[in-house]
Amino acid sequence: MEEMEEELKCPVCGSFYREPIILPCSHNICQACARNILVQTPESESPQSRRASGSGVSDYDYLDLDKMSLYSEADSGYGSYGGFASAPTTPCQKSPNGVRVFPPAMPPPATHLSPALASVPRNSCITCPQCHRSLILDDRGLRGFPKNRVLEGVIDRYQQSKAAALKCQLCEKAPKEATVMCEQCDVFYCDPCRLRCHPPRGPLAKHRLVPPAQGRVSRRLSPRKVSTCTDHELENHSMYCVQCKMPVCYQCLEEGKHSSHEVKALGAMWKLHKSQLSQALNGLSDRAKEAKEFLVQLRNMVQQIQENSVEFEACLVAQCDALIDALNRRKAQLLARVNKEHEHKLKVVRDQISHCTVKLRQTTGLMEYCLEVIKENDPSGFLQISDALIRRVHLTEDQWGKGTLTPRMTTDFDLSLDNSPLLQSIHQLDFVQMKTSSPVPATPILQLEECCTHNNSATLSWKQPPLSTVPAEGYILELDDGNGGQFREVYVGKETMCTVDGLHFNSTYNARIKAFNKTGVSQYSKTLVLQTSEDTDSEEQTVPFPVPSERLPLRRMSPFSSTLNLQPSFPRRSYFDFRSSPHQLSLHSSLQSLNAPGCNFETQSAPYSQLVAWFAFDPGSAHSDIIFSNDNLTVTCSSYDDRVVLGKTGFSKGVHYWELTVDRYDNHPDPAFGVARNNVMKDVMLGKDDKAWAMYVDNNRSWFMHNNSHTNRTEGGITKGATIGVLLDLNRKTLTFFINDEQQGPIAFENVEGLFFPAVSLNRNVQVTLHTGIPVPDCYSSRASIA
């Protein structure tokens, strides 16, 4: 509860809120403090003078536009506020909470009215002491801002829970502990004050005296004031305006500016917003739990760093003593470096502990405050602050998720002292990595019996040496350009067999393979010479040889076409011979030898052939709100609106299939999956324009959409863990969708031609992961083979 106290104090006076009002930016301030920080603006900046001069908007109410701008831009947390007063030029002060506030330009005029009803200077401007946004007040002054009765109730409960013992309210000096409370007078008395001020005779004899604890409960359960409309002070709130996001009375609906707005029942919206706030708190609670565990981890790291530091210093001193005659001067320098590294690690970890502790305290305070707000029984008061609280909870949760719970420093001292140099090189002695790296993998061996060429395609197969004990994390296949030029990477991955399509006919290519792990790469294998077939039946198809701009680990790339074809087995074999060079192996294939007796090879191609491609999402062409992870294979979004992300690879021919798994699915959104042109609109749902062909789906059903035309509603939706398959058959010019390996509806689109990129649109409630290089579902491949 102590951590919630910061939420209950005014940023101006530093005390608990007294008669708090809600500013349009959703922050609170005491009504008296608001009057103290009013600033009178020049006449030229008033709304009336702007209307008279023709600048600004004259057809609408100036204050209403300010409020609309506030509410709309507060949703995202950004934006400039139209109609807001510029920052006052008067010197600013700091409140007890450290927040800058602006004093009034002139002292408030003397008045006999109460502070709540006293008039304010004309053209007064109030600046929020927390976000520093300014607003020009209308004729109602501070009465135009709603009172935060929910906050008052939370403060009352907090103060009552903090009071260890109830004191007498009539003792003049040191208050004694109260013994009774009068329910009619609503006063706590000690025994002497009760006998003196509340004798049991006359009219006071009928008053009921109860124990102090019971009186505190009766106070807490007493009915609170009902929140009234700020525009019609005699009317209670009865409905909720959805457009303005505020409670309204019936006169606002009949006469006021809310008459044409959508409204809903106050009780229903109260329950809905309470439910939303509770759901948001669940996620924040998980983050707070992770933060507590993370703090324990960081504190353990401090101890571990100190232990490692002591151990490392001992090893260093032992090595230096062995070379004491030559290393005395150098030893001090090396120890200084170790201590510096030690202090640096401790400083980084301690700074992170301090930062995380402050953030956790703020998060816990917000959680406790929200839980107290949920207990409130005043619907209108709750709805006045629920939107702001929900946004704060989501924002706080997002702040925890951006690498906050990852240590910035390791506990190991990855340094070691190499004592092998000669004495004459003692002054060049320096640290090297302490951890001994594992060896690189062995050189892969090409499996010639599995290698072959067919037309303008080449298939290569390789394996690790039988006695190799060092595992390989992947392999890199390189080919030259067919003219003896420079080698280029065409495949990087874990597979041990690869078919490269789109080579030049009647050309000779050199291929080689190497393995890699975290330590490094192996030596290259022997070079394999590949001879493609002569094109005797059709015109040669040539594809330019692009130079890759960068190496992408664990990615599949082809310099000859946009796809790679990986097959589990190859029953057809080519005739090949070996050349006598000890450093090169040659593989030759010809149409004549394929038809020679004894070769079991079918010259007719299969009726169905899939091109299996590996690709990831493209950060370069995606909307700026898209968030990438997992080597650009997993995407989500930071916006509540739909945003589009494309795949890196485009397809113009062949059969292609990829899948997306739903990692997170909250609040039943409707993500869209499909294909699109490269110039598709990125800030709307996929399929809204004529550049995309998509299926969008919710938790119950799906639709196909192209050029904003919705067709073929199909029952069956998605949940967390669902798999969506996209099959682009450019041979048949069709696009088909699957959900959990079952075809979703009929063929979605036909007569699709051109260059297409895999595409997805989603918002912050969805996260999906891309899976590529997989075969098409069996139901489709069997139908295609029959056809």
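**Strands, turns and a helix residue**

Mentor: Happy to. Let's start in β32, where Phe704 is the bridge partner of Met695. Keep in mind that this is a predicted model.

Trainee: What joins β31 to β32?

Mentor: A hairpin does, through three residues.

Trainee: And on to β33, how many bridges join β32 to that strand?

Mentor: Five bridges, and those two strands run antiparallel. Strand β33 spans residues 709-715. Within β33, His710 stands opposite Met705.

Trainee: How many residues sit between β32 and β33 in their hairpin?

Mentor: Two. One to look at in that turn is Asn707, which has a positive phi of about 55°.

Trainee: Nice. Switching topic: where is the place of Ile385?

Mentor: Ile385 belongs to helix α10, residues 379-400.

Trainee: Is Ile385 buried or exposed?

Mentor: Buried: the relative accessible area of Ile385 is 5%, and the cut-off for buried is under 20%.

Trainee: Which residues is Ile385 in contact with, leaving aside neighbours within four places in sequence?

Mentor: Ile22, Asn148, Val150, Tyr369 and Val373.

Trainee: And how many residues apart in sequence are Ile385 and His27?

Mentor: They are 358 residues apart in sequence, yet 8.9 Å apart in space, C-alpha to C-alpha.

Technical notes:
Residues numbered from 1 in each chain as written. Predicted model: local features only at pLDDT ≥ 70, side-chain atom pairs only at ≥ 80, totals over all residues. Heavy atoms only, no water. Pairing = 2+ DSSP bridges. Helix = DSSP H or I, 4+ residues; strand = E, 2+ residues; numbered from the N terminus. Buried < 20%, exposed > 50% of the residue type's maximum accessible area, 1.4 Å probe, protein only. Contact = heavy atoms within 4.5 Å.
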